[in-house]
Structures are given as C-alpha cells and as structure tokens.
Amino acid sequence: MTVIQKKAVNPIAHLTAEDIETLGKELDAIRERVIASRGERDAAYIRKVISTQRKLEIGSRVVLLFSLFPPAWIVGTAGLSVAKILENMEIGHNVLHGQWDWMRDPKIHSTSWEWDHVAPADQWKQSHNELHHRFTNVVGKDNDLGYGIMRVDEDQPWHPAHLGQPLYNFLNACFFEYGIAAYDLDLGNKLKNGGHKDPEFRRRVRAVGRKIRRQFLKDYLLFPVLSGPSVLHTLAANFTANLVRNLWSHSVIMCGHFPEGVETFEKTSIEGETRGEWYVRQMLGSANISGSRLMHIMTGNLSFQIEHHLFPDLPSNRYQEIAPEVRALFDRYGLKYTTGSLPRQVFSAWRKVFRLALPNRRQPAPPVTPLDDSADHPTPALVAA
Amino acid sequence: MTATVPPPDTRSFRRRLWRLAETVTTPVLPSDYLDLVAPLRAGAELRGRIVAVHPETPDAATLVIQPGRSWRGHVPGQYVRLGVDVDGVRQWRAYSVTSAPGRRTDPISVTVKAIPDGVVSNHLVRRLRPGTIVQLDQARGDFVLPERAPSRVLFLTAGSGITPVAGMLRSGALAGSDVVLVHSAPTAADVVFGAELRGLAERGAIRLVERHTEVEGLLNVAELDTLVPDHLERQTWACGPLGLLDAAEEHWSARGHAARLHTERFRPTVITAGDGGTVTFTRSSVTVEAAGATPLLDAGENAGVLMPSGCRMGICFGCVLPLRQGAVRDLRNGQLTTALPGDGVRVQTCVSAAAGPCELEI
Ligand SMILES: Cc1cc2nc3c(=O)[nH]c(=O)nc-3n(C[C@H](O)[C@H](O)[C@H](O)COP(=O)(O)OP(=O)(O)OC[C@H]3O[C@@H](n4cnc5c(N)ncnc54)[C@H](O)[C@@H]3O)c2cc1C
Ligand code: FES
C-alpha cells in the first residue's frame with residue numbers, strides 16, 4: 001500500500017467531483033434511514049448482549065473459584081475470555097462510540113460507560129473517536145497506522161528500529177490493552193519531547209495508573225484469593241483470559257486497516273475535504289472480515305469495519321444489515337470493497353508488518369496483490385467507461 | 001426509623017464489604033449486576049413495576065405501579081416522574097399520584113390521559129404491559145393541602161387535571177370539609193373517575209358540578225359567581241388546561257383573592273419563540289441546530305445528550321445547566337439571557353430556546 005495520490009493507478013481517478021458528492025448523498029440517505037428506524041428492537045439487542053455478557057462473566061468467575069479441577073479451569077477460562085471479548089468489542093467499543101446514546105439510558109451511554117480495559121474510557125474516546133476516525137489512514141495524522149511504533153505503509157519513512165517490528169507487533173498483541181493505554185497517552189512522543197512534565201499529561205498518567213491498579217486488584221488478587229486453594233489456577237486463568245482477549249482484539253483491529261488492498265492518504269489530501277471525499281476515504285481506508293453471525297458479534301461488528309467507518313455512531317447490529325447496500329454502492333462506483341476471512345486478513349496484515357520492517361524495494365509493489373479480493377468485481381476503469 | 005439504622009460498627013463493616021464488592025465488579029458497579037435480578041431492591045435507583053393498567057375512559061388509563069423499596073411515599077397532590085422507554089428511547093414525564101397515601105410498600109397509581117400525538121401518554125395508555133419496569137423519581141410538588149384541611153374547599157379542574165385532586169379526595173384528609181368540585185370534560189363518558197366522583201357526590205362527601213363542554217361549551221370562570229357563589233371565600237385548587245388556569249388567576253387576582261388560589265400546570269405557557277441557533281453541549285461534544293421554539297432540553301435529548309430533567313415545564317429546576325456562552329430566550333416570557341465566554345449563567349433548559357449560537361456545559 002502506498003498513499004493513493006502516488007499510486008500508478010489511482011483507484012478513484014475515474015470518479016468526478018460530482019460523482020463523489022452523489023455517492024456521499026447516497027450514503028447519507030442510508031444513514032438517515034437507519035437513524036429514523038432505530039427503536040425497540042435495537043434497544044432490546046444491546047440490553048440482551050449486556051445481560052448475557054454479565055451472566056457469562058459471573059458464571060465463569062464462579063466456576064473458576066474451583067479452577068483447581070482442570071475441567072473447571074478450562075470452562076471458566078473459556079467463558080471468561082469470551083465475556084471479556086464481548087465486553088470490550090461488541091459492548092465497550094460501540095457504547096463508547098455513542099452508538100447507543102440515542103436510547104438516553106444513562107447506564108448505556110458514552111459519557112458514563114467505563115470498560116474492562118486499562119485505558120480509561122475518556123482517554124480512549126478522545127484518541128480513537130476524535131483522531132483515528134477523523135483522520136483515518138492519513139499518513140502522518142492517523143497514529144493508528146502502526147500505532148506510532150511500526151511502519152505499515154510504504155510512505156512512512158523507514159528507520160533501522162523498524163527491523164524489530166514483527167517482535168513489537170507480537171508483544172503489542174499480547175499486551176494490547178497496555179499498548180492502547182500508552183498510545184492514548186501519546187507516551188512515546190511525550191517522553192521524547194519532554195511533554196511528560198505537563199500537568200495534564202501527569203493527570204492522565206495517574207488516571208491510567210488507577211485504572212491499572214483496579215484491574216489488577218480484581219483479576220490478579222481478589223478473585224484468586226477468593227478461590228482459596230485454587231488461587232494460582234485462578235490467577236493463571238485470569239491472565240489467560242486477558243491474553244486471549246488481547247490477542248483477539250489485536251487481530252481483529254489489525255484486519256481493519258492493515259491488510260493489502262486498503263488505501264492510505266496524504267496529509268494534503270484532507271485539506272478542504274468534502275463530506276463525499278471523507279466518505280470515500282473511509283470506504284477505501286477500511287477492510288472487512290467475512291464470517292458467521294457469531295464471529296461478527298465477537299468482533300464487535302468490526303468485521304464490518306467499512307460500514308463502521310462510514311457511520312461510526314450507528315448501532316453495531318445494523319452494520320450487517322446495511323452491508324449489502326453499501327457493497328452495491330462500491331460496485332456501482334467502481335470502488336474496491338476489501339474483505340476476506342479472518343485467517344486470510346490476519347495473514348495479510350502480518351505479511352505487511354514483516355515486509356515493511358525492511359526498507360522499500362526500489363520498484364514499488366505491483367498494485368494488484370495475490371490477496372486481492374476484487375477478482376469478481378469490475379475494474380474501476382471499466383465501470384467508469 | 002431507629003430500628004432500621006444499624007449500629008455504627010456494622011455500618012462501617014457493610015461499607016467495607018460494599019467497597020470490596022466494587023473492586024470485584026470493577027469497572028461496573030455491584031448494582032449493575034444486582035439490577036439484573038432485583039431491580040426494585042432497597043438501595044437501588046428508584047424504579048417501579050407496572051402491576052396493572054386499568055382503562056378509565058376511551059383515552060385515559062390508570063397505571064398501578066409497585067415502587068421499589070427506596071420509595072419514600074407521597075403527599076396527595078404531588079407528582080412523580082416516570083421514565084419509560086418508548087421505541088427504545090428513555091422518556092421522562094410527570095404524572096400526579098392518584099392513589100391515597102398508604103404504607104411505603106403499597107402500590108401507587110397514576111392516571112394518564114392520551115393527548116393527540118403525545119409520545120409518552122399514548123404509549124402508557126395503549127401499549128404499556130403489566131410487568132414492565134419503569135424508572136421513577138421520588139414524589140414532589142407543592143400542589144398539596146395544608147396540614148390542617150381548610151373547612152371550605154373548591155376544586156376547579158378539567159380533563160386530566162382531576163388527577164392531583166383525586167389523590168386529595170381519596171386520602172380522606174377532607175372528610176370534615178365542605179368540598180365543591182367543578183370539573184369540565186367533553187362528555188359524561190370522558191370524565192376520568194366519573195363513577196367514583198358521582199358516588200362521592202351521592203354520599204354527600206362533595207358537591208359535584210360537572211360541565212360537559214361538548215354540549216354546554218367551555219366554562220367561563222365568571223360563571224362561578226352563580227355556580228359556587230362563595231368560591232372566593234374557599235381555598236381553591238385548580239388544575240387543567242392553560243386557558244382555564246390563566247382565566248382563573250386573572251379572576252381571583254382581580255377580586256383581590258389571589259392568595260386563596262393554588263394552581264398546577266401540566267405544561268408551560270409559551271408566549272415567545274427564540275430565534276434558534278447552533279447549540280453546543282460542551283462536555284458531550286455534541287453540536288446541533290435548534291429551532292427557536294425547541295426547548296434546549298428537547299434539542300439535547302434528541303441528539304442523545306444525557307440531559308438532566310424534571311417537570312419539563314419550568315417549575316422544579318431539575319434541568320438547570322450552565323450557559324457557558326451565547327444567548328437563550330425564556331419561552332415563557334421572551335426574556336433574553338446572555339453569557340460571555342467563561343460565564344456560567346444557569347438556565348432552565350426545559351423552558352429556554354436558543355437565541356443565536358450558545359454553549360451549554362454538559
Ligand atoms: C406536574 C405535572 C403533573 C402532571 N400530571 C399529569 C397527570 O396526572 N395525568 C396526565 O395525563 N398528564 C399529566 N401531566 C402531563 C404529562 O407530564 C405529559 O406532559 C403528557 O402526558 C403529555 O406527554 P406526551 O409525551 O404524551 O406528549 P408530547 O409528545 O410531549 O407532546 C405532544 C404535543 O402535545 C402538546 N402537549 C404537551 N403536554 C400537553 C398537555 N398536558 N395537554 C395538552 N397538550 C399537551 C405538546 O405541546 C406537543 O405539541 C403532568 C405534567 C406536570 C408538569
Ligand atoms: S425540568 Fe423542571 S424546571 Fe426544567
């Protein structure tokens with residue numbers, strides 16, 4: 001991938017400014033329709049997911065009180081892992097996006113929600129909603145492109161430190177929630193530039209510290225101690241559940257913007273960007289994951305990353321419903337809807353992490369990669385003709 | 001009361017236990033789990049369970065509600081705020097308690113009249129099912145009888161305005177008083193609690209003057225001179241449409257007896273619309289365009305902001321927020337309030353609309 005403006009074949013060259021604005025209007029219409037039809041069914045959905053998650057979490061933690069017995073350990077750890085994944089992905093991420101604010105239920109609201117994660121909700125909301133979703137895939141602006149530690153785009157300058165990025169990425173996957181907390185704090189930059197003396201930064205660090213302490217107390221002290229003779233087993237189970245949740249969410253999130261086929265953009269391209277252009281950037285800057293309904297729920301419907309990036313605040317249960325319509329728009333406007341199965345997209349993203357650990361080869365990679373999923377779609381040029 | 005207050009050492013023990021429970025359930029609260037199984041328990045946020053819905057007239061129904069254990073009881077004439085989810089959206093409205101005060105564990109009732117296009121009233125009257133959990137707030141309001149019931153009383157009501165009065169009549173507080181009720185409704189069949197009121201009149205507990213406006217026309221307050229000649233000497237409680245209340249207030253003050261008239265409005269008298277403008281809810285990072293007639297409360301709620309609210313008509317101050325900058329207009333009197341950047345002028349969002357760009361801190 002290389003910023004769209006420098007590509008040999010610019011994937012949006014066939015669209016006129018007018019096309020882009022019409023496309024934007026069509027997307028606005030989809031959004032309006034969903035907003036007008038939000039109602040009881042959606043509210044019932046999120047309440048059901050939340051109550052299921054809470055029951056699963058309690059159930060698993062109770063089973064783990066007896067984790068000395070291997071079957072209890074396995075069942076409890078599996079249940080707790082799933083509960084933690086649901087809590088972060090389908091519930092936390094989406095509630096914090098304000099997807100359920102329209103219900104005006106103070107218990108399920110972006111301004112009051114706190115999640116099972118070491119990054120405090122308000123800090124995460126700021127870096128995720130205000131920066132990443134606004135500057136999606138703009139090289140030099142969207143720090144999600146490699147989280148500031150990796151090079152995931154040819155147009156990011158190479159540095160010898162990038163040689164270690166497969167290792168960083170693996171460590172980041174294992175301790176993803178800490179990576180996110182550090183990232184939300186902009187820790188690397190702050191330490192480098194002396195910003196760590198800033199009182200606001202210190203306040204934020206203390207907030208993260210408090211959150212980590214509470215999370216630790218619960219997972220690594222209280223529940224193990226409550227388990228009596230199973231103390232070490234519960235400790236290991238909780239560690240495992242956090243690890244599984246981290247690996248899973250890291251994989252899903254990598255699939256959102258890193259796989260081959262996803263486009264990136266130059267800083268200058270967003271100056272004076274219209275609503276239509278913003279939409280196009282979201283369309284080309286995200287990738288979906290195909291799979292079953294259960295898989296979609298477990299990814300927090302981030303398997304519909306494209307739909308999510310177009311409409312970050314629509315209820316997550318609706319992404320799947322509008323996906324066929326959104327995809328039809330891609331086809332009609334000759335744009336590539338990047339999607340693939342989870343293993344394939346994870347592989348694709350990891351391959352890029354490895355490839356870009358090395359400096360660019362002289363010749364840029366050919367635009368069509370073997371992992372391209374658009375074989376059955378008309379090429380942009382044909383549609384435009 | 002003393003019996004229910006545990007000795008200090010157990011209290012601090014309980015507090016510590018609760019803190020431990022909070023650490024166990026972090027990042028949510030123990031109550032988030034308890035709510036799954038016992039939403040009405042003591043100590044929970046006040047909620048109620050709908051026990052029954054009894055139709056009263058073609059467009060009114062009484063809801064019998066079992067309040068949660070935190071319910072502190074009510075004084076007849078007071079209202080409760082009810083929060084219900086209509087089409088998935090939490091809506092709060094005020095309703096007068098129509099049941100007589102009983103033990104704090106007794107069910108209470110409210111009586112709702114569906115108004116045309118009314119979001120909540122139609123839902124409550126036509127779609128609410130027994131078993132539903134609703135959000136409640138403690139009873140409040142000062143449309144109540146004095147501690148010692150006056151010897152002569154007039155109730156002047158119309159439509160659903162009978163509800164707070166029904167609570168007073170049922171309480172028995174007026175057993176020794178001379179009570180006249182002048183009540184207006186379109187037809188005899190539309191009189192909420194018609195049979196009960198007529199029964200009271202037959203037993204001589206009250207004198208009932210029913211006015212069926214579809215045939216007899218709207219009541220002119222001046223007619224009270226003949227209907228209830230001593231009405232100015234009576235302590236009077238009036239509740240009904242704005243026109244009736246405005247006329248009554250004028251009548252009583254023109255005759256120099258404004259102090260004897262107590263009124264309860266179900267919605268504010270709106271006289272001036274603002275000019276509208278861009279409203280920013282600063283802490284929620286939400287910005288909307290609001291029309292000049294839209295209360296800031298509605299504008300915020302419609303955009304998903306968690307706005308505090310109460311009576312929604314300018315009496316309880318439950319909706320007050322700091323205006324950080326900009327201009328708003330009071331919908332009741334057209335008064336303009338402005339704030340310069342950094343100010344924190346407190347405005348009632350339920351009766352204020354944007355009059356140009358403005359910023360509210362929430
Ligand atoms: C202190 C207090 C006590 C109340 N007690 C009762 C009670 O015991 N029983 C009861 O039925 N209602 C009572 N109300 C009124 C109630 O709170 C709601 O305003 C009413 O049910 C309408 O709500 P809605 O959602 O159906 O209408 P909305 O959807 O809010 O309004 C729909 C339309 O009707 C208009 N409108 C709003 N309120 C009224 C009204 N009261 N009469 C005529 N038009 C209106 C609005 O301007 C709007 O155009 C009380 C209000 C207050 C402030
Ligand atoms: S809500 Fe009661 S004064 Fe505004």
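User: How many salt bridges does the structure hold over all chains?

Analyst: This is a predicted model, and over all its chains the structure holds 46 salt bridges. A salt bridge is counted when a side-chain nitrogen of Lys or Arg lies within 4 Å of a carboxyl oxygen of Asp or Glu. One of them joins Lys107(A) to Asp32(B), with 3.9 Å between the closest N and O atoms. This pair crosses between chains, since Lys107(A) sits in the loop between helix H3 and helix H4 of chain A, while Asp32(B) belongs to helix H2 of chain B.

User: Are the two partners, Lys107(A) and Asp32(B), buried or exposed?

Analyst: The general idea is to compare the relative accessible area with two cut-offs, under 20% for buried and over 50% for exposed, with partly exposed in between. Lys107(A) has 32% relative accessibility, so this residue counts as partly exposed. Asp32(B) has 12%, and therefore counts as buried.

User: Which residue forms a salt bridge with Asp35(B), and which one meets Arg211(B)?

Analyst: Asp35(B) forms a salt bridge with Arg41(B), where the closest N and O atoms are 2.7 Å apart, and both Asp35(B) and Arg41(B) are buried. The side chain of Arg211(B) meets that of Glu223(B) at 2.6 Å, taken from N to O. Because Arg211(B) lies in strand E9 of chain B and Glu223(B) in the loop between helix H6 and helix H7 of chain B, this pair ties together parts that are twelve residues apart in sequence. Arg211(B) is buried, with a relative accessible area of 11%, whereas Glu223(B) counts as partly exposed at 25%.

User: Which residues are linked in a network of salt bridges?

Analyst: Salt bridges can also be read as a linked group, and here the network consists of Glu57(A), Arg61(A), Lys84(A), Asp116(A), Glu177(A), Lys218(A), Asp219(A) and Arg245(A).

User: Which residues of H1(A) are buried, and where do they fall when seen down the axis?

Analyst: The buried residues of H1(A) are Ile20(A), Leu23(A), Gly24(A), Leu27(A), Ile30(A), Arg31(A) and Val34(A). Seen down the helix axis, these buried residues fall within an arc of 120°, so they line one face of H1(A). The face turned away from that buried side carries the exposed residues Glu18(A), Lys25(A) and Ala36(A).

User: How are strands E3 and E4 of chain B joined, and what lies between them?

Analyst: Eight bridges join strand E3 (residues 79–86) of chain B to E4(B), and the two run antiparallel; Val84(B), for instance, has Gln91(B) in E4(B) as its bridge partner. E3(B) and E4(B) form a hairpin with two residues between them, and Asp87(B) in the turn has a positive phi of about 50°. Strand E4 of chain B, residues 89–96, is mostly covered, with six of its eight residues buried.

User: Where else does the backbone have a positive phi, and which peptide bond is cis?

Analyst: The general idea is that most residues other than glycine have a negative phi, and most peptide bonds are trans. Asn137(A), which is not a glycine, has a positive phi of about 60°; its place is in the loop between H4 and H5 of chain A, and at 0% relative accessibility Asn137(A) counts as buried. Phe317(B) has a positive phi near 65°, lies in the loop between helix H9 and strand E14 of chain B, and counts as exposed at 52% relative accessibility. The peptide bond from Thr26(B) to Pro27(B) is cis, with omega near 10°, and Pro27(B) is placed in the loop between helix H1 and H2 of chain B.

User: Which residues form the nonpolar patch on the surface?

Analyst: The patch is formed by Ile149(A), Leu167(A), Tyr168(A), Phe170(A), Leu171(A), Phe175(A) and Phe239(A), which together have about 650 Å² of accessible area. Helix H5 of chain A gives the largest share, four residues. Phe170(A) lies in this helix, and is partly exposed, with a relative accessible area of 45%.

Definitions and conventions. Residues are numbered from 1 along each chain as its sequence is written. Chains are lettered from A and ligands numbered from 1 in the order in which they are written. This is a predicted model: local features need pLDDT of at least 70, side-chain atom pairs count only at pLDDT 80 or more; totals for chains, interfaces and linings use all residues. Side-chain values use heavy atoms; hydrogens and water are left out. Patches are made of residues with over 30% relative accessible area and no salt bridge: like charges are joined within 9 Å, nonpolar side chains (Val, Leu, Ile, Met, Phe, Trp, Tyr) within 5 Å. Accessible areas come from the Shrake-Rupley method with a 1.4 Å probe; for residues, only the protein chains shown count as cover. Buried means under 20% relative accessible area, exposed over 50%, partly exposed in between (1.4 Å probe, protein chains only). Two strands pair if DSSP finds at least two bridges between them. The arc is that of the directions from the helix axis to the C-beta atoms.
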